[in-house]
Amino acid sequence: MPSFDVISKISYPEFDNALANCLREISNRFDFKGLNISIERKDKIITTLAPDELKLKQVNELLQVHLIRRKVDPRFITIKNSENAAGSSIRQVSELEEGISQENAKKIIAEIKKLKLKIQIKIQGEDLRAEGKKRDDLQEAMSAISAVDIGLPIEFVNFRD
């Protein structure tokens with residue numbers, strides 16, 4: 001029976017490459033010379049350190065530009081509030097989100113059921129599996145799932161006939 005999986009995953013090597021490129025540009029830029037600016041990732045937590053709010057905003061925008069260049073969607077990053085750190089610097093903790101949550105999975109399933117296609121969709125942890133008899137129905141379901149906005153980028157993998 002034809003099937004495909006719907007996932008939302010980050011390519012960590014590409015993310016780390018974008019982060020390294022961003023740090024390289026920060027070290028070379030004239031307006032950042034001599035400032036204590038750093039970005040580091042530990043598991044799914046990104047910590048950004050900057051001297052003030054303006055520089056913090058510039059660093060976040062620079063990181064987004066480098067993520068887009070490396071074809072990593074910046075919607076994976078959830079930015080939290082900034083807080084004062086040691087000295088006169090500001091620390092911002094951001095979180096990487098991946099996987100389709102239960103509520104988003106239910107939203108996607110509801111959209112597919114509105115189309116009245118002969119497809120079964122199962123929730124498998126943080127992924128979805130869609131199965132159907134006709135390949136055309138599955139392709140129509142893919143376009144409908146792409147139209148649903150869940151706040152995270154989604155991919156279709158393991159399409160089988």
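At what angle do helix α1 and helix α2 pack, and how far apart are their axes? I will come back to that after some background.

This is a predicted model, in which local features need pLDDT of at least 70, side-chain atom pairs count only at pLDDT 80 or more, and totals for chains, interfaces and linings use all residues. Residues are numbered from 1 along each chain as its sequence is written, and side-chain values use heavy atoms, with hydrogens and water left out.

First, the layout. The chain has domain 1, made of 3–8 + 99–160, and domain 2, made of 12–96; these bounds come from an automatic or database domain assignment. Their C-alpha centres are 33 Å apart.

Now the helices. Helices here are DSSP runs of H or I with at least four residues, strands are runs of E with at least two, and both are numbered from the N terminus. Helix α1 covers residues 12–28 and helix α2 residues 53–69; they pack at about 135°, and their axes lie 9 Å apart. Axes are lines fitted to C-alpha atoms, for helices over the stretch in contact, and angles run from 0 to 180 degrees between N-to-C directions. So α1 is oblique to α2: under 35 degrees counts as roughly parallel, over 145 as roughly antiparallel, 65 to 115 as roughly perpendicular, and the rest as oblique. Residues making the contact include F15 and L19 of α1 and L62 and H66 of α2, where contact means heavy atoms within 4.5 Å.

Next, strand β1, residues 3–7. Of its 5 residues, 5 are buried, and buried means under 20% relative accessible area, exposed over 50%, partly exposed in between, with a 1.4 Å probe and protein chains only. S3, D5 and I7 point one way, and F4 and V6 the other. In a regular strand the side chains alternate between the two faces of the sheet.

What does β1 pair with? It runs antiparallel to β7 (residues 127–132), with 4 bridges, and antiparallel to β8 (residues 155–160), also over 4 bridges. Two strands pair if DSSP finds at least two bridges between them. V6 has L128 as its bridge partner in β7, and I7 has E155 in β8.

Last, β4 and β5. β4 (residues 77–84) is joined to β5 by 6 bridges, antiparallel. They form a hairpin with 5 residues between them, and G87 in the turn has a positive phi of about 75°. S94 sits in β5, residues 90–96, and is buried at 3% relative accessible area.
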